[in-house]
Each structure stands twice: as C-alpha cells, then as structure tokens.
Amino acid sequence: MPVDPSLVGRQFPAPAPLTVTPERVGAFAAAVGHPGGDVPPTFPIVLAFDAMTAFLDAEQIDLHRIVHGEQRFAYARPLAAGDELRATLTVTGLRQIGGADIIATASEITDATGAVVCTGKATLVHSAGGAA
Amino acid sequence: MSALAAGAALEPKTFTVTRADLVAYADASGDHNPIHQDEEVARSVGLPGVIAHGMYTLALVGRAVAEWTGGAEVVDLGAKFTSPVVVPAEGGAEIVVGGSVKSVADGLTTLALEVTCEGQKVLGMPKAVVRA
C-alpha cells in the first residue's frame, strides 16, 4: 500500500531525549571502529532513527520494507558526552518510482538549550508489499 | 605541502564488514531492521541478500576521515546509498574508502571520496567537509 501523500509537512518527534553518555558513544565507536575518544559523526543517526521509528509506527509502515536511500548531516558543533539531544523528523517530500515510495525527510537535532546541534536529510525507500 | 593541501591524495582505507559487525552495529545504533540480519527477510523485499546498514558504510567514511585528518571536526557528512553492500554469512565484504582533498577554503577542507565494494561504487555523491 502506498504511503499517504498528505503526510508531507507532518512532524514526528523522537519519543524521548537521548543523553550522550560515554557508554553509548563507546559502544557506537567500537561497533564501527571509530578512532579516538570523539563522538563519531554518524552518532546522531541514533536520534534520527528514533524519530523515524515514531513516523513508521504512526503510519504502520514495516521497517523491513524500508531501505535507506540517502543520509546527509550538517553539524553546527561537535557532539559531546553529556549532551541531551532531542530529534524531530519532518516529512518533506513523497514520490513513487517503480512501485516504491521515495520518502524525503529532514531531522533537526537540538540540545537541552534548544540550540540546533545537527540537521539531517534522508530519503527512505519503501517497497510496498503485496507480491512479496 | 600539508597532508590536507588541495589535490593531495588520501591513502585508501580498507575495512572488512561481517555479519557479526552488523549485529554489533544494530545493538549500538538501535537499527534492528532484519534486512541487515536475516537472509530470508532481505530476499523477500527484493534485496540480493543480507546488506550492511547504509549508515555502517557511512560510519566507515567517518572513520577514514578521522584517520586522515587526525580527528578534525566534521561539518558535513553524507552520501546516497546507491548500491547495496551484500555481506555473506561467512567471511565478509571489503569496503574501500579512498579520496583526495578537493578544496581548502575559509578554514574548511572538502574531501572528494570514492567508496567501493568489490570494485563497484556503493555511495553516490559522498561528501565530507572538515574544519581543518
């Protein structure tokens, strides 16, 4: 079933803030082999993924039918341990190509003061079921 | 000439990604999409097999950038996931991250990147900008 076109413009916040703890950063860095003690630049995907999950749940879209098509991050400052981050995803576009929905999203990640730490742009490719 | 002068080639980095790496990454990132774990689910949505998280490959780019630049602050990082990285049950997939310094201006260094698996480009328009 195709995704509802009226979704464009809707916002989906991540259900809870996430504190950047040394343990979380350490586990993420270890999983990708990131050197040094810095927060890996792709770490904000943890928050963006939470917001995306809120969107998929609200629209009853199966995660396994989603493939990540594109991801871009722009950083206002480096992330640091102790940051308390919040994310909100906005659906910015929707089109269909060959039976798949191409869902464009933007995520804004803010810290406890409300300042934007990082913005993300992603496309999610949703293969509508049926035959499979 | 500085290692990050415009035109300088960056030493290619080769990383091996295994199914166990994808399990560890799923735990660390929260992305438990079964297309990154389960052959049957992956094939049911038209994929050639279990594929690496696109964000795992992008994290490897972040790792290469950190190694090349000595952990410089990342300002922009992103790519299109144009071709899936298929990760076999035994052994692993080799991802090569290569590049050069595209430009240096206003305190920002832009890297031109090429990311391949078995000789095929897996990222489209990969971009990394660091403050260096």
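Predicted model: local features only at pLDDT ≥ 70, side-chain atom pairs only at ≥ 80, totals over all residues.
View 1. UniProt, in an unreviewed entry, places the feature "domain: MaoC-like" at residues 10-104 of chain B. This span is 35% helix and 31% strand, and its end C-alpha atoms lie 14 Å apart.

**View 2. The side of chain B that touches chain A.** Here 32 residues of chain B are in contact with 31 residues of chain A. On chain B, the elements giving two or more residues to this side are α1 (19-29), α2 (39-44), α3 (54-69) and β2 (73-81). Helix α3(B) gives the most, with 10 residues. Sorted by class, this side of chain B has 17 nonpolar, nine polar and six charged residues.

View 3. Look for strand β3 (residues 66-75) of chain A, which pairs with β2(B) in the antiparallel sense over five bridges. To find your place, spot A:Arg72, which stands opposite B:Gly78 in β2(B).

**View 4. Strand neighbours within chain A.** Strand β3(A) is also joined to β6 (residues 116-127) of chain A, by nine bridges, and the two run antiparallel. A:Gln71 has A:Ala122 in β6(A) as its bridge partner. A:Ala122 also has A:Thr105 standing opposite.

**View 5. A hairpin in chain A.** Strand β5 (residues 100-110) and β6(A) run antiparallel, joined by 11 bridges. Five residues lie between the strands of this hairpin, where A:Gly114 takes a positive phi near 90°.

Key: Residues numbered from 1 in each chain as written. Chains lettered and ligands numbered in written order. Contact = placed C-beta atoms within 7 Å. Helix = DSSP H or I, 4+ residues; strand = E, 2+ residues; numbered from the N terminus. Nonpolar A, V, L, I, M, F, W, Y, C, P; charged D, E, K, R; others polar. Pairing = 2+ DSSP bridges. UniProt positions renumbered as here; feature names shortened; annotations may be inferred.
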